[in-house]
Amino acid sequence: MFSSPTPAPGSRTIAGRAFRKAGLIDQDAQMSDATDKPGGRKGSSKIRSHRPRAIDAYKDGPSRTRLIHRPLLNVRLHALLKEAHQIHFQYEAQLVRLPLADYDEMHTSAGPSLIPVRTPTRMKTGGVESWRKLVQKRWNAEARLLDLSNLIDDEIVKNNKLEPPGYGGGAREAAVILKLAKELKPEVQSLDLSNNKWSGQDLAVLGHYLPQLANLSLNNNNIRLYRDLDHVAGRKGKLLVLRELILTGNPLREDELKKGKGEHFTREVTKRFPSLAVLDGQRISAISFDVPQASTSSTPPDKPSSTTFPLNMGGPLIVGVDPGLITQFLMRYFSLFDTNRPALQNVYDPTARYSFAVNTTIPERARTQGLHTRLPNQKKLDWSQWLSNSTGGSRNLMRLGNSIEKQEQRLYIGGQSIVDSFKGLPQTKHDLGGPAEKFSVDCFPVAHAGIMGLLTIVHGEFTELPAEGLRSFDRTFLLVPAPENSQAKAGGWDIVIVSDQLMVRGYSGPDAWKPGPMVVQPEPQAAHRHPPSQQQAPTPQGSSQSTPALPQDQQAVLMTIPEPQRSLVVQVCARTGLNVKFAVDCLTGNAWDLEKAVNNFNEVKFLCVSHLASSLAVLVSRAP
């Protein structure tokens with residue numbers, strides 16, 4: 001009725017090797033079926049009523065396969081049974097082992113096994129309870145903050161000899177800790193894992209247990225590759241509401257910043273955490289990817305056109321001091337900074353502090369106008385000497401992270417230390433005799449140590465030598481009167497520096513502080529390919545006024561005004577006869593309302609004419 005199954009090819013050989021390896025048959029013994037006849041000839045059984053059973057072979061008598069009868073046979077079988085029936089299952093990082101008391105009672109007569117049996121490691125129940133106590137101790141329910149920083153220093157860890165991840169433990173311990181965090185009520189919103197040496201694999205289940213996490217600090221951990229961030233981010237649907245992430249002190253971030261790839265690092269992180277708003281304490285520009293919806297209107301939507309602030313940029317602000325004093329000081333200082341830096345030692349107070357930082361990011365204004373590629377020598381510039389040199393380097397705290405040692409080393413105190421630090425900087429050339437609009441100076445009084453000082457802020461540009469490329473800079477001085485009989489006073493310095501902070505950045509031109517409308521969306525350089533004389537002011541749509549015939553210099557001024565303000569200026573010039581400068585003043589005083597500006601102009605004009613006529617009438621009446 002039933003036929004015995006045909007053995008798979010090679011199955012007898014595989015079974016024989018397994019039995020020999022276990023020591024259950026001799027090395028030279030051959031495997032044979034229960035139906036094999038003596039002499040090796042294989043006969044076919046005529047009984048097909050049932051499948052062959054192992055007990056049948058035992059009842060029919062011994063075959064060519066001889067079992068080994070040894071004193072240690074029961075020991076080997078006991079070990080094999082014990083390992084085969086030892087069932088382990090892992091439920092959410094806790095390894096549970098079934099008791100084997102029955103097996104031990106059945107085989108106590110066999111004595112201890114001489115064959116080493118591998119026993120999988122497992123976490124003790126007491127260890128889980130210890131972790132639970134630690135998590136509950138570190139939990140701030142009111143702030144919904146779980147502080148798991150510096151686990152290795154916790155008393156519970158020391159007393160119970162626990163092994164946190166990164167200090168002997170691994171992903172299993174991390175999974176237990178995060179699972180216990182999931183049980184906290186209310187749900188964890190902020191998690192601090194600072195100073196723990198956790199790797200990306202240790203954090204692989206973070207999104208599974210705490211999917212609603214909003215704030216996460218991984219400061220000073222062991223995130224080395226972007227692949228580690230992939231482990232943290234998890235698959236889609238994990239950490240969708242994460243708003244703030246701190247990665248300072250991790251090898252990945254520090255290596256990228258040393259290579260000048262800060263922007264690349266930010267892009268890679270935000271790509272993995274799209275909801276992120278703050279990274280390492282810096283706000284990230286929000287970018288939305290809304291699905292386009294079909295429009296029900298045939299009219300295209302209006303595009304943003306505002307390119308200026310409602311208030312104009314003013315000129316230099318110098319109050320509380322003679323402008324000549326500040327101008328003379330700055331001219332002398334920058335001249336010596338370019339040609340003879342050691343001579344600046346006496347201008348620094350003995351307690352003066354100085355540091356500098358660099359921002360290697362290409363300014364958005366320069367990128368829009370193509371300054372970093374259009375100017376001939378910009379590509380020759382190199383930031384390496386500014387970032388790190390023989391005397392120190394940039395003290396940009398975003399790059400140094402939590403390196404307190406470098407922060408202290410790169411803060412120079414006293415004139416000698418300050419001028420020594422200048423030796424590591426590239427040579428510079430400030431165009432002091434060039435156009436005044438290249439520099440902007442603001443100066444006003446401030447209190448300092450019981451006396452009145454001057455806070456002086458300078459914006460400008462310099463040429464870096466020998467590359468001949470341009471850099472922009474911002475420098476902030478805190479100045480006080482030079483003490484009598486001091487070396488500074490003897491050297492002709494009426495004021496000395498007690499604080500000096502220099503910021504060097506990519507060149508962006510002087511447009512940011514140019515008096516007049518403050519441009520926030522500069523037009524691309526393509527708009528200025530032709531000389532101003534070849535361009536004509538556009539005629540606004542819906543206006544019957546034609547463009548007035550402006551002189552060439554007026555057209556040049558007109559082309560510096562962005563749209564839509566330029567169209568309004570053209571109309572005011574046509575309707576009032578004002579030149580471009582006064583037309584801009586008229587519109588600015590009337591909040592760029594065209595009709596209001598024209599009406600107010602006409603009223604002022606009428607009053608002026610009436611007053612002039614009255615004055616002339618009085619003069620005529622008094623004439624002899």
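Modeller: A disulfide is a pair of cysteine sulfur atoms within 2.5 Å. The model discussed here is predicted.

Biologist: How many disulfides does a search of the whole structure find?

Modeller: The cut-off for a disulfide is 2.5 Å between cysteine sulfur atoms. Searching the whole structure gives a count of zero.

Biologist: Which cysteine has the sulfur nearest to that of Cys573, and how far away is it?

Modeller: Cys573 takes part in no disulfide. A pair would have to lie within 2.5 Å. The nearest cysteine sulfur belongs to Cys586, at 9.8 Å.

Biologist: Is Cys573 buried or exposed?

Modeller: Buried means under 20% relative accessible area. Cys573 has a value of 6%, so Cys573 is buried.

Biologist: What is the relative accessible area of Cys443?

Modeller: Cys443 also counts as buried, for which the limit is under 20%. Its relative accessible area is 0%.

Biologist: What share of the residues in the protein chain is buried?

Modeller: The protein chain has 624 residues, and its secondary structure includes 23 helices and 21 strands. The buried share of the residues is 37%.

Biologist: How much space lies in the largest cavity?

Modeller: One cavity of 30 Å³ or more is present in the structure. The space in the largest cavity is about 40 Å³.

Biologist: Which charged residue lines the largest cavity?

Modeller: The lining has five nonpolar, two polar and one charged residues. Phe337, Trp386, Phe462, Phe473 and Leu502 are in the lining, along with Thr428 and His430.

Conventions
Residues are numbered from 1 along each chain as its sequence is written. This is a predicted model: local features need pLDDT of at least 70, side-chain atom pairs count only at pLDDT 80 or more; totals for chains, interfaces and linings use all residues. Side-chain values use heavy atoms; hydrogens and water are left out. On a 1 Å grid over the protein atoms alone, a cavity is a set of points where a 1.4 Å probe fits but cannot get out, and a pocket is an open set with protein on both sides within 12 Å along at least five of seven lines; lining residues have an atom within 4 Å of a point. Grid points are joined across faces, edges and corners, and a volume is the space filled by probe spheres set on the points. Ala, Val, Leu, Ile, Met, Phe, Trp, Tyr, Cys and Pro count as nonpolar, Asp, Glu, Lys and Arg as charged, and the others, Gly among them, as polar. Helices (H or I, at least four residues) and strands (E, at least two) are DSSP runs, numbered from the N terminus. Buried means under 20% relative accessible area, exposed over 50%, partly exposed in between (1.4 Å probe, protein chains only).
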